[in-house]
Amino acid sequence: DQLDSDSDGVGDACDVCVTTADPGQQDSDNDGVGDACDLCVNAADPDQNDGDSDGVGDACDVCPNVFNPGQADSDNDGVGDACSDSDGDGVLDSDDACADTEPGATTDSDGCSGAQAVALTCPCEDDWKNHGAYVKCVAHALDDLVDDGLLTEDDADAIQSAAGSSDCGKKNK
């Protein structure tokens with residue numbers, strides 16, 4: 001069995017237009033590219049709409065707003081790898097500092113929830129002067145997140161309490 005990416009009944013190896021269903025396989029200009037995809041592969045065509053200037057027209061681009069000339073789509077979901085957002089937080093995986101954000105969580109521009117942003121700003125593993133220095137860092141980070149509307153006061157209080165109870169910054173005995 002041959003892969004048929006566009007599900008048009010013609011296997012990819014024989015398909016003149018692999019990314020767009022074209023069961024008739026018309027190629028009016030005999031350029032080896034099916035009519036259904038001609039506008040998708042010829043960026044020099046003045047009628048072409050190629051918003052990301054990657055040489056693949058928007059009609060066939062698996063990621064029309066992000067430059068991705070190779071059109072990689074490793075999971076074959078029709079969404080290019082270059083524009084995937086696996087955790088659904090509105091930040092592309094390529095720009096997401098926290099790729100495992102809980103579904104529905106409010107995130108910052110880096111794709112991090114409040115707790116994740118605090119962990120990035122004040123990592124427990126840092127070489128803190130003492131526990132108080134760690135707790136102070138967390139308090140400042142939480143103030144900013146509350147001010148930005150990314151955390152409620154109650155959520156911030158819970159995170160601050162957890163920081164105070166943690167071993168972060170405490171010297172090993």
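Analyst: Helices are DSSP runs of H or I with at least four residues, strands are runs of E with at least two, and both are numbered from the N terminus. The model is predicted, so local features need pLDDT of at least 70 and side-chain atom pairs count only at pLDDT 80 or more, while totals for chains, interfaces and linings use all residues. Residues are numbered from 1 along each chain as its sequence is written, and side-chain values use heavy atoms, with hydrogens and water left out.

User: What makes up the secondary structure of the protein by that definition?

Analyst: Four helices and zero strands are found, and the order along the sequence is α-α-α-α.

User: Why is the protein called more spread out than a compact globule?

Analyst: The globule rule is 2.2 Å times the number of residues to the power 0.38, and the radius of gyration is taken over C-alpha atoms. For 173 residues the rule gives 16 Å, whereas the protein has 25 Å, well over that value; it is therefore called more spread out than a compact globule. Along the principal axes, the C-alpha trace spans about 75 × 35 × 25 Å.

User: Why is Asn 76 called exposed and not buried?

Analyst: Buried means under 20% relative accessible area, exposed means over 50%, and partly exposed lies in between, with a 1.4 Å probe and protein chains only. Asn 76 has 57%, so it is exposed. The residue is placed in the loop between α1 and α2, and its phi is near 50 degrees, a positive value in a residue other than glycine.

User: What makes a group of residues a nonpolar core?

Analyst: A nonpolar core is a set of buried Ala, Val, Leu, Ile, Met, Phe, Trp, Tyr and Cys residues joined through side-chain atoms within 4.5 Å. The largest one here has 19 residues, and Val 118, Cys 122, Tyr 134, Val 138 and Leu 142 have the most contacts inside it. Two or more residues come from each of α2 (114-121), α3 (131-147) and α4 (153-165). With seven residues, α3 gives the most.

User: Which residues are in contact with Val 118, leaving aside its neighbours within four places in sequence?

Analyst: Contact means heavy atoms within 4.5 Å. On that basis, Val 118 has contacts that include Val 138, Leu 142 and Ile 159. Val 118 is itself one of the buried residues in α2, whose cover includes α3 and α4.

User: How do you know that Ala 163 is buried?

Analyst: Its relative accessible area is 3%, so Ala 163 is buried. Ala 163 lies in helix α4 and is in contact with His 131, Tyr 134, Val 135 and Val 138, leaving aside neighbours within four places in sequence.

User: Why is His 131 placed in the buried class?

Analyst: At 16% relative accessible area, His 131 is buried. His 131 is part of helix α3; residues up to four places away not counted, it touches Ala 163, Gly 164, Ser 166, Asp 167, Cys 168, Gly 169 and Lys 170.
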